[in-house]
Amino acid sequence: MTFETILFDVSSGVATITLNRPDKLNAFIPAMNHDVMAAIRICTTDDSIRAVILTGAGRGFCAGQDLGERAAHFALGGDPPDVGETLDTLYNPLVRAIRALKKPVVVAVNGVAAGAGANLALNGDIVIAARSAKFIEAFCKVGLIPDVGGTWHLPRLVGRSRSLGMALLGHPVSAEQACEWGLIWAVADDDALITEATAIAQQLAAGPTKALGAMKQAFNASESNTLEAQLDLERDTQRIMGQSDDYREGVTAFTEKRKADFKGR
Ligand code: LHQ
């Protein structure tokens, strides 16, 4: 399948989605929302895909919403757009789809991630950033609040003071600072980013996919569950995982002192 605004490639069980408007630092136009959504749909339904990488082409990861489109609209004297509807129809479905995808998503932040682009990245399950990348909660510069899950992820990842500082001031946070704070998983040298992200994704793609997907769901549920509810969920999920081919293979491989050959079943 070919797309207008992204590149989509599948290799060795890993699908790579590359935002591809490099001259605009991969800022989102509606076609890009639709393309990413379509790619995630493929990742959801194609059993041969067992891990996903999301990254950007060129020197930026994603500069958020395309402000050129909005500026043109205002310049023509247009009424204020319904940004809520934009979120409802174009961005929130993406957040939900990434969270619900029962396969791990590795986000390789290759350069600046600003506004909706920064918060899109934080929806990843493993976020690894190039040393030169930075995260900018740029919303305060355009009179909006952090969206695309930002007000939910940021305080959970780095606490109230750091997240409010990022949102209120809009200062760039370097990849190293983001990693030190726990906003992201790791930092890689710029020229090693894709190699390292691919190695992580390949490890995940060779893993017990059912269990990895169930882990995501369990961690999602834990955000609002009590310990009691979570213990029940762990019991119920483990009961299902215990029936999987991959559990049998993992246990057998351990006793046979060999590497497990998981099939994702
Ligand atoms: C851009 C953009 C951009 C268009 C760089 N649009 N062209 C809102 C509405 C609806 C729902 C969803 O959520 C949102 C939330 C948002 O995302 S609001 C926040 C939108 N993003 C921003 O405010 C960030 C705007 N960009 C910047 O502040 C800078 O470009 C950063 C700090 C990201 C990078 O700075 P530089 O490295 O100095 O690059 P640059 O500014 O020179 O940009 C390179 C090109 O990319 C340039 O184009 P040009 O034709 O002049 O070479 C920029 O105009 C274009 N670009 N961001 N969001």
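Which residue takes a positive phi just after H5? In this predicted model, that residue is Gly170, with a phi of about 70°.

H5 itself, spanning residues 150-169, is worth a look. With 20 residues, a straight helix would reach 28 Å at 1.5 Å a residue, but here the end C-alpha atoms are only 15 Å apart. There's also a bend of about 125° at Gly159. Several H5 residues are buried, including Gly150, His153, Leu154 and Val158.

| Element packed against H5 | Residues |
|---|---|
| helix H3 | 83-100 |
| helix H4 | 116-121 |
| strand E8 | 134-136 |
| strand E9 | 173-174 |
| helix H6 | 175-181 |

E1 and E2 (residues 14-19) run antiparallel and are joined by 6 bridges; Asp9, for one, has Thr16 in E2 as its bridge partner.

Finally, Thr209 lies in helix H8 (residues 209-222). Is Thr209 buried or exposed? Thr209 counts as buried because its relative accessibility is 8%, under the 20% cut-off. Its side chain makes a polar contact of 2.7 Å with the side chain of Arg50. Beyond four places away in sequence, Thr209 also touches Lys102, Lys103, Asp246 and Gly264.

Conventions:
Residues numbered from 1 in each chain as written. Predicted model: local features only at pLDDT ≥ 70, side-chain atom pairs only at ≥ 80, totals over all residues. Heavy atoms only, no water. Helix = DSSP H or I, 4+ residues; strand = E, 2+ residues; numbered from the N terminus. Expected span 1.5 Å × (residues − 1). Bend = angle between axes of the 7 residues up to and from the residue. Buried < 20%, exposed > 50% of the residue type's maximum accessible area, 1.4 Å probe, protein only. Contact = heavy atoms within 4.5 Å. Polar contact = N/O pair within 3.5 Å; in protein donor to acceptor, adjacent residues only side chain to side chain. Pairing = 2+ DSSP bridges.
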